[in-house]
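Here's a walk through a two-chain model, written for someone who likes cut-offs spelled out. Have a look at the sequence and coordinates first, then read on.

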Protein chains: 2
Amino acid sequence: MILSCGGRVLQREKVFEYIDRHYNEHLSKLQELVKQPSISAENRGVRECAGLVKSYLKDLGCKDSRLVETSGFPVVYGYYDAGADKTIIVYFMYDTQPVDDPGWTVPPLEGRVANLPPFGDCLVARGAINTKGELRAFLNSCESIKAVGEEIPVNLMFVAEGEEELGSRHLPEFIEEYTGELKKADAVFFPSADQDQKGKVGIALGVKGIVYFELELDGKNWGRGPTEFDIHGSNKAWVDSPAWRMIQALSTMTLKDGNKVLIDGFYENALPPSQEDLELLEKLEKTFDEGAVKDMMKVERFIEDTHGRKAFLKYFYSPTLNINGIWGGYIGPGTKTVLPYKITAKVDVRLVPNMKVEEVLPKIRRHLDKHGFQEIKIVELEEGYGWAKTSVKEPAAQAIIKTYREFGFEPEILPHVAGSAPFCMFNREPLNLPFVMGGLGHGGRAHAPNEYIVVQEGGSTGGLCTLEKSYVAILDNLSKIS
Amino acid sequence: MILSCGGRVLQREKVFEYIDRHYNEHLSKLQELVKQPSISAENRGVRECAGLVKSYLKDLGCKDSRLVETSGFPVVYGYYDAGADKTIIVYFMYDTQPVDDPGWTVPPLEGRVANLPPFGDCLVARGAINTKGELRAFLNSCESIKAVGEEIPVNLMFVAEGEEELGSRHLPEFIEEYTGELKKADAVFFPSADQDQKGKVGIALGVKGIVYFELELDGKNWGRGPTEFDIHGSNKAWVDSPAWRMIQALSTMTLKDGNKVLIDGFYENALPPSQEDLELLEKLEKTFDEGAVKDMMKVERFIEDTHGRKAFLKYFYSPTLNINGIWGGYIGPGTKTVLPYKITAKVDVRLVPNMKVEEVLPKIRRHLDKHGFQEIKIVELEEGYGWAKTSVKEPAAQAIIKTYREFGFEPEILPHVAGSAPFCMFNREPLNLPFVMGGLGHGGRAHAPNEYIVVQEGGSTGGLCTLEKSYVAILDNLSKIS
C-alpha cells in the first residue's frame, strides 16, 4: 500500500537506529551485488546484474520496474510512488571496470572484507566505490525508512544504466524514450560517498566531458611494414615499422613533457573559471589537503611541481589528452625478436566548459593529416559526452550542503571534478534538471586494483551506516526544496 | 664398436634409399621433439628437452653425452667418435620462441601435419624450422648412415644450447670450459633448411650481432606520475604521464619514418660491403626473388620503396633499432580510463661488421641523457653477441656449395643474413673456426604463428627426405675438406 507522506515529518532517528541494528544484513547486500560481475567492456555478467538490480527495485516496492532495452545494455528503470510532492530521479550505474589489473591482493569479485588502516573494515571489490556500494547502500536506506513504518519523503524514478564505463553511449536512447516521464522530476541525484580518506567532505557540482578512442596502425592500412602478422625482427633492416611510426605520430601531439597538447585548437572554447567558481575556489584553497590527495594516488608531485590553488586550477580547468594504454608486438617475458605488424593506443580527451564533443575527433584527424600521418586510423570507442555543471545556488545542491552541515561537516565545494559522468544528459536539453551527487562515506581506487569502500564506523571516515543515514537525510532535505 | 672410416667412400645411395623407406618413422621423431616444449623465455620444458636431446645423442652412439651446466640452461654436449680424420662441431639449439602469438590455426605444440600449398604436407609447430626440425632431421641422417652399415664420415662434437632465443647468454661459459676439446675441430656446422618457398637455395656466410634490452619508465623512478599503480585517467590534468614521456623519449631516436636512427654514433664502425661481398652481391642480384621474399612476410613494400640490389644492401648492411614490443596501461577491450604508472618497450639493436656489442647500451644511455630523459631505465635482457662472417673461400663453405651443386642447385650466396645467431662465439677467439650452415629444405614463420617445415617431397621445395639426404652429403663433403 502506498501512502502519501505529503507534509509528514520523517522520523530520522528511528530510521538511523534501524540502520545501526541491520549493519550485517546491509553489508551482505553490498557483497551480493559486487559478487555479480557486470564488466561492460567485456560483456561479462552485465545482463545478469541488470536483472538483480531490477529485483531490488521490485523488492523496494516500485510499482513499475523493468529493463528498458537500448542498442546496448538495458537501462533498469523503476518508479517508486511515495505520493510525495517532489520527485527525484536517482541515477545509478550498475556496470563496473574490468578486473584484469595486476596488484589485487584479494579476488576482485568475492566481496571480501579487509581491514585497511586507518579506515577499519572495508569491502574490497571491483565496484565497491564505483559505484555498486553506493547503489546498494542507497536502496538499504530506502528499505530502512519503510521498515520502521515511515514513508520515503520523495517519489523516486530510478535510472540504472549498464554502460557508464563505456561512456553511457546508449543512455540517450532511453532518455529520449522516457523524456515525458523524466521531465516530471525536480532534480537528479547520484548517490556517492564523498569523504576523502581523512573524513573531509567534498561536493562536486559538475564533471568534465569525455571522448574515448583508439589510434591504430597496422601494415595493411599503411601499405608499409608487415601486414598480417609479426615477422622476424631482423627484417627491420628493410621493412618499415608501424610501432616506430605510431610513436612518431603520437610524439607530435604533446610537448616533450607529455602535458602541453599541440593539436590545433585543442584548448579552443575552454573557459576560465566563472565568478561563482572563483568564489568557490577561494574557499576551497583553505581546506584543500594536498598531501591526502597525493597519498591516495601514490603521486609524489603534480605537473610542474604546482601546489594548492595552481594545482587544482589545473585539475578543474585543463582539458587533457591521456594515453590509457598502448600495446603492440611481443609483450611477454624474455627476448622474442619480432617486427610488430600493428600497434594500438587507447586515448581519451577530457572536456571542460565550453568545449564541444563533436569537435574532438575532427581535430585529432586534422592533426594527424597535417603531420603526414594519414595512415593512422581513429577508432571511435564511444560517442563521448559533454561536461556538466550545476550552480551552487540550485536548491538541490543546497539540500546536499545542508545535509552535510546537519552531520557536522562543512563541505568543500568543488565547481566540478576532472572525472566524467553522463550528467550532461540530464542537465541539458531536453530535461534541464539540476544534477547533484552526495553521501557521507569513503572509498577509493576506482579503476585500480583493491578498489574499496569503508564499511566500519569509527575510522577516519564514515562507514556503511553513516553512508546510509546520509542518504536518508538527503532524501528528507530534497523533499523540502522549492 | 667404433670403426675407422678413414679413406672409405660413403655409399650415399644406400643411405638415401634407407631414408626414403623410413620417412614415417623419421617424421614421427620430429613430431616427438616439437611436442616437448622448450620455451626458454618462459622456462617452459627447457630442461626436459635437454634430457630428450641427450638421449638422442646417446642413442646415436656418442660415447660421451652429457648436460653441461651453465649459469642458465644446460648445454647438451656429445662426442661421436667415427675414427675419422676430420672433426666437425655440430651446433644445435634446442630452445624455441614462445607460442603466445595470436593467429595459430593449429595447436603449436602438438606436432600436427597440415597441407600448405604449394609445399604439400608440412609439420606446423613451434620449433619446426627454428630449429628442432633440422636438429632431429640431422640426427635421422646420422642414424641412417649407421643403419645401412656405413660409418659417419667425420667425428661429431654436438653442442646443443638451450638459450639461443635468449641471446646465448651462457654459451661462452661452456665454450670456455670446453675450449681444449672444441679446438680439435676443423669447422662448425649448423644444420638448417635453406631453400626459399620456390625451392631456390641460399647459403648465408654470416649473421648480424644483436643486443636486446628493455626501456622502462615508471612514476617511481621518475619521481613524477603515479608511482605504484594505474590511477583514474582524469588525473592526467595534474599528474604527469610516464606513457607520454616514454613516447617523447622514443621519438627522439628515429626520424619521422621510424627508420633512420638518430642516436649519436649509432652507425659508427658499420663497414660497407667488402670486395668479396660485392662480387657475391653482383651474382645475387640476378637470382634475388623479391616477390617471393615479400610474399613470405606479407610485406607489400620495402623501406623507401627500394628494390633488388638496393633493398638487399639495406638488408645486409643496415644496423637496426627495432621495437619488438611496447605496452603500458589498460590494453583490454573497451574503455577503461587510467593514467598508467608504467610503460615498457622491448628494443633490439642488430650489429653489422665492425660494430661493437659493448658500445650499444652506452650510446643509448648517452642519447637518453642528452635529450633529458635520465629517468628512463635501460634493462639489459641479454649480453648480446657480435656479428660473424665466414669467407666464401673457406673449404667448409665450399663443401656446402659443392653439396648443393651435386643436388642440382646453384646456390645464392649471401655474405650474411640480417638474423642473429651466436656464430661469433665459434669463429672468433679462442676457437677461430669456420662456421657454416646448410641443408636442402624449406620452412618459414620462425618467431611467428604457424611456423612450419616442409616434410613432403614433390612440392616446390625439398621435403624431409631431401633435407636428410643433403645432410648426409654435407657430412661426406666436409670429410674431404683440406
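Let's start at the interface: chain A and chain B share 6 salt bridges, a salt bridge being a side-chain nitrogen of Lys or Arg within 4 Å of a carboxyl oxygen of Asp or Glu. Before going further, some housekeeping: this is a predicted model, where local features need pLDDT of at least 70, side-chain atom pairs count only at pLDDT 80 or more, and totals for chains, interfaces and linings use all residues. Residues are numbered from 1 along each chain as its sequence is written, chains are lettered from A and ligands numbered from 1 in the order in which they are written, and side-chain values use heavy atoms, with hydrogens and water left out.

**Where the chains meet**

How many residues does each chain bring to the contact? Chain A gives 97 residues and chain B gives 97 residues, with contact meaning heavy atoms within 4.5 Å. The area buried between chain A and chain B comes to about 8500 Å², and carbon and sulfur atoms give 58% of that. Buried area here is the accessible area (1.4 Å probe) that two parts lose on being put together, summed over both.

One salt bridge to look at pairs B:D305 with A:R224, with the closest N and O atoms 2.9 Å apart. A:R224 also turns up in the surroundings of B:I303: leaving aside neighbours within four places in sequence, B:I303 is in contact with A:R224, A:K236, A:A237, A:W238, A:V239, A:D240, B:N259 and B:K314. B:I303 sits in the loop between α10 (290–297) and α11 (308–317) of chain B; helices (H or I, at least four residues) and strands (E, at least two) are DSSP runs, numbered from the N terminus. B:I303 counts as buried, at 3% relative accessibility. The scale is: buried under 20% relative accessible area, exposed over 50%, partly exposed in between (1.4 Å probe, protein chains only).

**Rings**

Over all chains, the structure has 50 aromatic pairs. Rings of Phe, Tyr and Trp (its six-membered ring) pair if their centres lie within 6.5 Å; planes under 30 degrees apart count as stacked, over 60 as edge-to-face and the rest as tilted. A:F302 and B:W238 make a stacked pair, 4.3 Å centre to centre with 15° between the planes. Why does this pair join two chains? A:F302 lies in the loop between α10 (290–297) and α11 (308–317) of chain A, while B:W238 lies in the loop between β10 (231–232) and α8 (242–251) of chain B, so the pair joins two chains. Both A:F302 and B:W238 are buried.

For an edge-to-face example, take B:F138 and B:F158, at 6.3 Å centre to centre and 75° between the planes. B:F138 is in helix α4 (residues 132–147) of chain B and B:F158 in strand β6 (residues 155–161) of chain B, so the pair ties together parts 20 residues apart in sequence. B:F138 is buried at a relative accessible area of 0%, and B:F158 is buried at 0% too.

Ring pairs also link A:W238, B:F288, B:F302, B:F312, B:Y315, B:F316 and B:Y317 into a cluster. Then there are charges over rings (NZ of Lys or CZ of Arg within 6 Å of the ring centre and within 35 degrees of the ring normal). A:R428 lies over the face of A:W387 at 4.3 Å from the ring centre, and B:R136 lies over the face of B:Y56 at 4.3 Å from the ring centre.

**Salt bridges elsewhere**

Searching the whole structure turns up 78 salt bridges over all chains. Here are some from chain A.

| Salt bridge | Closest N to O |
|---|---|
| A:E181 and A:K184 | 3.1 Å |
| A:K220 and A:E228 | 3.5 Å |

A:E181 is partly exposed at 32% relative accessibility, whereas A:K184 is exposed at 54%. A:K220 counts as partly exposed at 47%, and A:E228 counts as partly exposed at 40%. A:R365 and A:D369 both lie in helix α12 (residues 357–370) of chain A, 4 residues apart, about one turn of the helix. There is also a salt-bridge network linking A:D100, A:D101, A:R126, A:E451 and B:K336.
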